[in-house]
Every structure is written in structure tokens, then in C-alpha cells.
Protein chains: 2
Amino acid sequence: MTLSLDPAAQILAEAAQTDTPPVVEPEAPNGQGQVAQFGPDEPLTMDAGVVLAPFQIAYQTAGTLNADRSNAVLICHALTGDQHFAHTHPVTGKRGWWETLVGPGKPIDTDRYFVVCSNVVGSCMGSTGPASVDPETGRAYGLDFPLVTIRDMVRAQAMLLDRLGIRDLFLCIGGSMGGMQVLQWAALYPERVFAAMPIATGARHSAQNIAFHEVGRQAIMADPAWAEGRYLDMGTRPAKGLGVARMGAHITYLSEPALHRKFGRRFQGGSAPTFSFNADFQIESYLRHQGLSFVERFDANAYLYLTRAMDYFDLAADHGGVLAKAFKGTKTRFCVMSFTSDWLFPTADSRAIVHALNAASAAVAFVEVESDKGHDAFLLDEPVMFAAARGFIDAAARARGL
Amino acid sequence: MTLSLDPAAQILAEAAQTDTPPVVEPEAPNGQGQVAQFGPDEPLTMDAGVVLAPFQIAYQTAGTLNADRSNAVLICHALTGDQHFAHTHPVTGKRGWWETLVGPGKPIDTDRYFVVCSNVVGSCMGSTGPASVDPETGRAYGLDFPLVTIRDMVRAQAMLLDRLGIRDLFLCIGGSMGGMQVLQWAALYPERVFAAMPIATGARHSAQNIAFHEVGRQAIMADPAWAEGRYLDMGTRPAKGLGVARMGAHITYLSEPALHRKFGRRFQGGSAPTFSFNADFQIESYLRHQGLSFVERFDANAYLYLTRAMDYFDLAADHGGVLAKAFKGTKTRFCVMSFTSDWLFPTADSRAIVHALNAASAAVAFVEVESDKGHDAFLLDEPVMFAAARGFIDAAARARGL
């Protein structure tokens with residue numbers, strides 16, 4: 001049960017057989033995996049109306065690219081996710097965040113597929129973002145970094161795939177913000193996506209979700225240590241503000257039944273309240289821990305940028321207000337998945353995607369998974385999700401002759 | 001359509017006819033209504049195991065107490081509510097918060113009933129709370145103020161009613177935290193409550209609700225201007241932290257459909273994003289306004305205390321874990337009301353109350369109002385709520401011979 005974590009040799013081996021010679025990227029020195037550098041001659045054209053150059057994309061891979069390069073899977077990570085889907089996290093030391101779904105013999109079988117996951121542009125795990133050094137000033141970009149959109153993330157991923165010599169994807173898959181990228185991939189590069197699996201996501205962010213994100217941003221910006229975004233220059237970190245933002249967001253990732261089951265009204269180490277503002281309830285202690293641990297692994301400005309990217313996402317608006325037009329003529333086969341207790345991206349959001357795909361005469365399967373785990377169910381042990389993913393992916397593989 | 005805002009003369013007129021001479025309280029100098037002072041010989045015994053003395057309770061009244069003092073209604077306000085249910089707010093200049101429900105000819109008819117509403121102990125609108133001066137130090141209490149419970153609030157209200165010469169209530173009514181007080185009244189002083197109407201509330205605070213409150217408290221405490229609760233001494237105010245807390249809480253008071261209907265994804269003054277962290281979306285601007293305006297009228301420490309009181313509330317836990325025991329042998333008639341889109345206190349919470357009342361053989365009506373306005377529906381124009389309240393109150397009045 002070992003993952004092939006170094007596909008570079010394999011890529012090189014295949015290079016002779018194909019048109020585009022893939023480039024072997026160096027390992028990042030900080031454990032963030034491999035890094036693709038894009039120089040001044042390869043800028044990222046961004047929706048904000050600016051070009052970003054130079055920039056870099058950090059990524060991880062597993063499995064081996066086959067001879068005709070037809071078995072590539074792109075995993076798109078969520079808001080605070082990263083490229084370490086099947087690799088130990090360099091900061092937290094935790095196992096890969098999607099090892100439940102990806103690995104030898106798993107639904108995304110690394111014995112069969114070549115799996116890529118890149119840290120999105122605007123994030124802070126090795127790809128260029130607001131914490132990166134602005135070559136023009138020699139300081140961290142901070143708020144001088146251009147606003148990032150989901151489409152910008154997808155464009156950068158496409159450039160990475162070009163670099164890796166991957167023309168088209170067998171499968172593009174992701175949950176939450178990752179699912180937004182999957183939808184954007186299918187809309188922007190339909191000919192490059194054979195199968196798409198957007199999970200626990202929506203084609204646009206709701207007013208309530210924008211509202212929750214805005215509270216998180218205001219919590220960060222209210223922290224004096226944020227220093228108008230220049231905290232890295234000052235050697236400070238808005239840890240309190242970012243912690244509060246994470247605590248609030250974390251509630252939205254769970255369901256009330258899950259919170260009740262896990263914590264209920266149980267007190268910390270006792271059966272009675274202390275009549276103080278200590279973390280009396282277990283749920284309080286848990287949330288505080290979530291806030292503290294998040295601060296250790298994430299950049300506050302990156303959090304501002306990525307939440308904003310999700311807020312701005314509205315695929316229908318990009319197509320005259322008609323979501324079906326985003327998928328017109330698509331040949332991609334879709335599997336849309338939601339979870340019954342997800343109130344951040346409720347099933348209605350997935351149904352809207354399915355209806356649009358139906359209107360576009362696309363091949364689409366829809367699975368609503370019965371789960372009380374809330375939005376985060378897509379990251380957890382959900383056998384029905386695994387079974388449905390396996391069925392969809394296996395069928396797609398047969399259709400592609402894999 | 002004028003309210004009788006000065007019942008003091010009427011109370012005096014009735015005094016000769018009854019046993020207990022009611023005390024006429026002075027008007028507070030700051031527009032907070034009347035104030036009942038309780039001296040060192042009349043302490044409030046609190047659940048935290050301390051006694052509070054001296055203390056004061058600010059209150060407002062409307063209507064006229066009848067000769068046999070059988071027509072008194074106690075309105076219990078919500079978390080950030082106050083005694084100005086039918087009176088212009090001294091800070092905001094807004095009309096009374098429940099003038100939709102209370103007034104001449106309204107379901108709580110001030111031509112028929114004598115209506116009292118007091119600012120809860122621990123709050124900041126004239127009743128003693130953490131912003132009050134601690135007579136022992138001459139400074140604001142801050143976190144030296146004892147933790148307050150819903151039961152403490154009710155005990156203080158009972159002392160106020162004693163002062164006003166009101167032995168028992170015709171009706172005790174309130175929403176949200178006000179509903180918790182109604183349930184506590186019925187459990188603690190069943191012989192003093194003829195009819196009770198808890199609205200949009202629960203017999204205990206859920207793990208999710210505790211979680212949301214904890215995020216708000218952490219936002220306040222993260223603000224350096226909070227100064228460990230001593231901000232009044234320092235002449236500062238944790239306005240940013242309190243604003244963030246309010247923004248987050250406000251989302252929970254509304255429903256996603258209501259947010260979608262009112263704001264959707266509409267941009268401020270334009271049809272496109274500005275690619276900045278300005279309040280691009282109308283919902284963002286609205287939330288920021290909610291945060292700012294709240295800071296002007298509310299004390300941050302009081303917010304900590306009152307959220308904590310709600311978190312601690314668990315009526316069943318006070319009765320061996322069996323909610324029905326809280327109402328054993330009650331003669332009070334109940335009307336329990338919920339709103340379909342209230343996800344803070346969902347209908348299931350009300351059903352749990354109704355089941356307990358049924359188990360206690362209490363007289364109980366249950367109304368689930370179809371509304372998309374979320375938790376705050378109880379404060380809004382909801383004709384079905386008004387009609388149900390009128391029906392219940394009129395029937396109770398007939399039963400009481402009013």
C-alpha cells in the first residue's frame with residue numbers, strides 16, 4: 001500500500017512518446033511538494049484585469065501517468081485545503097486529507113490513475129498568493145495581490161497541466177470550493193474534462209454564505225495585528241482575528257445533529273458550569289482548538305482572498321444568467337453529489353446544477369448522500385459517497401477504455 | 001391610539017383598595033423608563049452562589065392595572081432587547097420593539113391589560129449589570145459582576161412585581177431569550193402565571209447555538225480595546241469585536257430564504273464586483289450596518305453575560321433531566337409558538353416543550369407559524385402570529401374573567 005509519490009521519472013519516461021516534453025519540476029524545499037514556476041513570459045491573466053507574473057503553483061501527485069496520458073485525475077481542494085491529498089502535511093504532520101477516497105484500491109485508484117492536486121493560486125501552501133514576495137517591492141504582496149477568482153484558479157491549473165504534458169483530464173473532482181473549480185473547469189475547458197464530479201457545492205455562493213464569509217473577514221480586519229494586511233512586514237500575525245473567523249466558519253461545516261451527537265451540552269471535566277467565561281462546554285473547547293490550530297497553518301490574507309473568490313463565484317452570471325449555457329454542448333459526464341445535512345451547500349444547490357446540466361442535455365448522475373455530518377461529510381468516512389464515486393469513476397474509466 | 005405610559009398615578013389610585021401598597025418608582029434620568037431600587041436589605045440571590053445588593057431594575061409599563069390586579073402582563077425581552085416594548089428607544093429613537101403586538105386594540109391590548117417589561121439583570125439599559133458601578137470599588141463591575149442565569153433574571157422580575165404590588169400574572173410572554181424566561185417563570189413560580197406564551201425558544205440551548213455564542217464572545221475578547229473587560233475604566237470600547245459578534249449573530253436571526261429575497265447576490269450600486277474587500281454585496285453592507293448600530297446601543301460585557309445566560313439555560317437539567325418535571329402539577333395554560341424557517345430555535349425545540357407539557361398534563365396549544373423570516377419573525381409583522389396570540393390571550397382572558 002505505497003503511493004508512487006515521485007511520478008517525475010515516469011513522466012520523463014513517457015515524454016519520448018508524446019508531442020509535448022513535460023517539465024520535471026523541482027521539489028519545494030519546505031515539504032510542499034513540487035513547484036511549477038511560471039516566468040514573466042507565462043503570465044496568469046486574471047479576471048481582475050491584471051496579469052500575474054512571475055508566479056508559481058505547488059502541487060503533489062500520486063500514481064503514474066499512462067502511455068497515452070489518458071488517466072489523469074485533477075483533485076481540486078476546498079477553501080483551506082491544500083495539495084496534500086495523499087501526503088503528510090508539512091506543518092500539521094497529519095495524513096493526506098483525502099486518503100479515504102484516494103489511494104491504491106480506493107475509488108480514485110492510484111494503481112490506475114495519475115492524480116494531481118495543486119494548491120490554488122491565492123493560497124499560502126506554496127503557490128503564489130498574498131503572502132508571497134512581490135518582486136516589484138521585495139515585500140509580501142499583502143492586499144496589493146490582485147483579487148483571485150475561481151476561474152483564475154482553474155486557468156492556473158490548466159497551465160500546470162500543460163506543463164505536465166497533460167492535455168485532458170480523465171476526471172476532475174472536488175468538494176466545496178473544489179467543486180466550484182470542477183464546475184468552472186467543465187464550463188471553461190469542456191474538451192479537457194472527460195468526467196466531472198462536483199461535490200457539496202453550488203454554481204454560486206448564497207447570500208447567507210457570503211454573509212458568513214464577510215463576518216470572518218471582518219474578524220480578521222478588526223484585529224490590530226492585521227495592520228491593514230501588512231502584518232508580515234511588521235512581524236505580527238492576526239492570530240486572534242483569524243482564529244475567530246475559523247471558529248465561526250467551522251460551525252457552518254458541521255450539522256446541528258453532528259454537533260449534538262459529538263458534544264451536546266456536555267461540560268468540560270465536570271457536570272456543572274463554572275459560572276465563568278472559561279470554555280465550560282466541550283463544544284467551546286473544541287471550537288477554540290479549531291481556531292488555534294488553523295492559525296498555525298494558514299495565512300490570514302490568503303483566507304480573505306479565497307473567501308472572496310468563493311463569494312464572487314456565480315457561473316450563471318458569466319453566461320447571461322442562464323446556468324445551462326455554461327454547459328452548452330458539453331460532452332463531459334457528470335456526477336453531482338450532495339449531503340442531506342449540508343446546510344452550507346444544501347441539496348437544492350446541487351439540484352440547480354443538475355437541472356442546468358439536464359437543460360444542456362449533458363450526461364449527469366445525481367447522488368444525495370444521507371448523512372448527518374454536515375458539509376464536511378465529503379472529507380469524512382462516508383461509505384455511500386465512496387461507493388457512488390467508485391461506481392461513477394469505474395464506469396467512466398470503461399467508457400474511456402482505461 | 002395613545003398608550004397610557006404613566007401608570008404610576010393609577011397604581012396609587014388602586015393602592016387604597018389592596019393589601020400591599022405599591023411603590024411608585026422614580027423615572028430614570030436617561031429615558032430608560034422607571035427604575036426600581038433594591039437596597040442592601042433586598043438582595044438578589046443568584047445561581048452563581050452570590051448575592052447582589054444593591055441593585056436596580058429598569059422597566060416600562062403600558063395600560064392600567066385593574067382593581068383586583070388580575071390583568072398584569074409581563075413581557076420578557078430577548079438577548080439584546082430592552083424594556084422599550086412600546087416606547088421610543090432613548091438611544092436609537094426607534095419605536096417600541098413590540099408595538100406590532102402590544103397596544104390599544106392589539107393582541108396584547110393595553111386598553112385591557114397592564115403591561116410590564118423590565119430590562120433583565122445583567123443587561124445595560126438601566127438595570128444593574130457589568131457596566132454598572134460596583135459600590136465596593138467605585139468602578140464598573142466588568143467581569144467582577146457575577147454570572148447571571150435565566151433564573152436570576154426571573155427572580156429579579158418577581159421582586160419587581162412584588163414591588164409593584166402584582167401578585168400574579170395574567171400572562172407571561174416573550175420570544176427567544178424572552179421565551180426562556182417565560183418557561184422559567186412557569187417552572188419557578190407556577191402559581192404566579194395564569195397563562196404563558198413562550199415563542200421561538202427552547203428549554204435548553206443547543207450545541208450549535210452555544211457555538212455561535214462562543215464565537216461572538218471570542219470576537220469581543222479578541223479586541224484589545226476590551227482590555228480584559230476593564231474598557232470602561234480605560235475610556236475605550238471594544239467596538240470592532242462587538243460589531244463582529246453582532247454581525248455573526250444577526251445571520252442566525254434570519255433565514256437563508258429571507259436573505260436571498262432581501263439581498264440575493266445583488267451588488268452595491270452596480271452590477272459587477274469591484275475586485276476589492278469593500279462591501280461589494282448588499283448583504284455585506286447590511287451586516288456592517290448591523291454591527292455598527294449595535295455597538296452604539298449595547299455594552300460588550302453585557303453581551304458576554306447574556307449570551308452566557310442563554311448557554312447555561314437547561315430547564316430539564318434543573319429537574320433531574322426530565323423536562324416534564326419542571327411543569328409537574330402546573331395550572332398554567334400554555335401557547336407554544338415556533339416559526340418554520342427559524343433554524344436557531346427550530347420547531348423541534350418547541351415540540352420538545354409541548355411534549356413535556358403534555359407529559360405534565362398541562363393545558364397547551366402549539367402553533368407553528370409558516371414564515372420565511374427566520375428566528376426574528378417574532379419581532380416582525382406576522383399576521384398568523386398575531387391572530388394566534390389574540391385567540392390564545394382572549395380565551396385566557398375569558399377564563400380569568402377579564
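**Ground rules.** I am reading a predicted model, where local features need pLDDT of at least 70 and side-chain atom pairs count only at pLDDT 80 or more. Residues are numbered from 1 along each chain as its sequence is written, and chains are lettered from A in the order in which they are written.

**A:Arg246.** I found A:Arg246 in helix 6 (residues 239-253) of chain A; helices here are DSSP runs of H or I with at least four residues, and strands are runs of E with at least two. Is A:Arg246 buried or exposed? It counts as buried because its relative accessibility is 8%, and buried means under 20% relative accessible area with a 1.4 Å probe, protein chains only. I noted its contacts (heavy atoms within 4.5 Å): beyond four places in sequence, A:Arg246 touches A:Thr80, A:Tyr253, A:Gln290, A:Gly291, A:Phe294 and A:Arg297.

**A:Asp376.** I traced A:Asp376 to the loop between strand 12 (363-369) and helix 11 (383-400) of chain A. At 14% relative accessibility, A:Asp376 counts as buried. Leaving aside neighbours within four places in sequence, A:Asp376 is in contact with A:His250, A:Tyr253 and A:Leu254.

**Helix 6, chain B.** I then checked helix 6 of chain B, where 13 of the 15 residues are buried.

Terms used. Heavy atoms only, no water. Buried < 20%, exposed > 50% of the residue type's maximum accessible area, 1.4 Å probe, protein only.
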